[in-house]
Amino acid sequence: MTFAVFGKHVAGPVLTLIQTLVDKLLSVGGPVYFYEPFFRSLEGNITFSAEPLLFSVQGEIQGKADVLLSIGGDGTMLDAVTLVGDSGILLTGINIGKLGFLSSISRQKIISALDAILASEYILDQRTLLKLETSEGLFNPRNFALNEVAVYKAKPMSMLTIRTWVNGDFLNSYWADGLIVATPTGSTAYSLSCTGPIIAPDAESLVITPIASHNLTVRPVVLRDDVEILIRVGDEKSSFFVSMDSRITEVRNPLDLVIRKAGFRINLLRLKDALFFDTLRDKLNWGLDVRN
């Protein structure tokens, strides 16, 4: 099995963990690919027993690496998704961040996790992605997102009017700070913080969640994931932000946003003992009430 390693700048005690990971990967004997900016940030702090191969774009590991290890938190994992794209490479994360819904391997289990992966003791989770289409080609060619597509206001004291259609049928005009369209994976991210529902990863659904809605009766709406969602924001003079996971850009009207399920999925590698409901209880501190 061939590994690729992706990450951002790390420092302090985390370097010891990175050294442990590097030693383990290089001891396996096969080629190991390192994301070049990450490798450069480690030079002088990490010892490599063999020279790793470097990559900076998807094409340099497609068909060569079997598994990409993301070192960091969920934000790093989302960046890794844009790098893996439709290559089919398995993706998993070692969490050195905070919450770690996506980066499910804890820093204490690096060696045992790698041993399990090498022994093919894992489960493949295929996660739905969203695709955004606009006349301006926003985010092309990486116009896909694992968590969500969101629109939100550019001016702090203003509010957006967000008109939304589902398969051509008018849904609502939202008066709000913004609107989120999330996948099941993204239901535990931005959408959750805006009181959206938690959706199991294998549910073939999307959720539309308003951000700080001024219409107090408006609630999140769960839809099948094969629908087409059209979003039209404000008047012709307004500007607003559009984000796809951790990427963001400011746009000016008129601009229609068409959101639908992408034509490919991301292959998340999950260890057999990393169950979704266990993760919910752990990350959200469920069950701390002694009555549970």
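User: How many residues does the largest nonpolar core have?
Analyst: The largest nonpolar core has 55 residues, a core being a set of buried Ala, Val, Leu, Ile, Met, Phe, Trp, Tyr and Cys residues joined through side-chain atoms within 4.5 Å. Buried means under 20% relative accessible area with a 1.4 Å probe, protein chains only. This is a predicted model, where local features need pLDDT of at least 70 and side-chain atom pairs count only at 80 or more, while totals for chains, interfaces and linings use all residues. Residues are numbered from 1 along each chain as its sequence is written, and side-chain values use heavy atoms, leaving out hydrogens and water.

User: Which helix gives the largest share of this core?
Analyst: Helix α1, residues 14-28, with eight residues. Helices here are DSSP runs (H or I, at least four residues), numbered from the N terminus.

User: And what is Leu-42 in contact with?
Analyst: Leaving aside neighbours within four places in sequence, Leu-42 is in contact (heavy atoms within 4.5 Å) with Val-10, Leu-15, Ile-18, Phe-34 and Phe-48.

User: What does the second, separate core include?
Analyst: That core of 28 residues includes Tyr-174, Ile-208, Val-227 and Leu-255.

User: New topic: which residues that line the largest pocket are closest to its centre?
Analyst: Asp-125, Arg-127, Pro-201, Arg-270 and Phe-276, out of 29 lining residues. On a 1 Å grid over the protein atoms alone, a pocket is an open set of points where a 1.4 Å probe fits, with protein on both sides within 12 Å along at least five of seven lines; lining residues have an atom within 4 Å of a point.

User: What gives the most to the lining of the second largest pocket?
Analyst: α6, with four residues.

Definitions and conventions
Buried means under 20% relative accessible area, exposed over 50%, partly exposed in between (1.4 Å probe, protein chains only). Helices (H or I, at least four residues) and strands (E, at least two) are DSSP runs, numbered from the N terminus.
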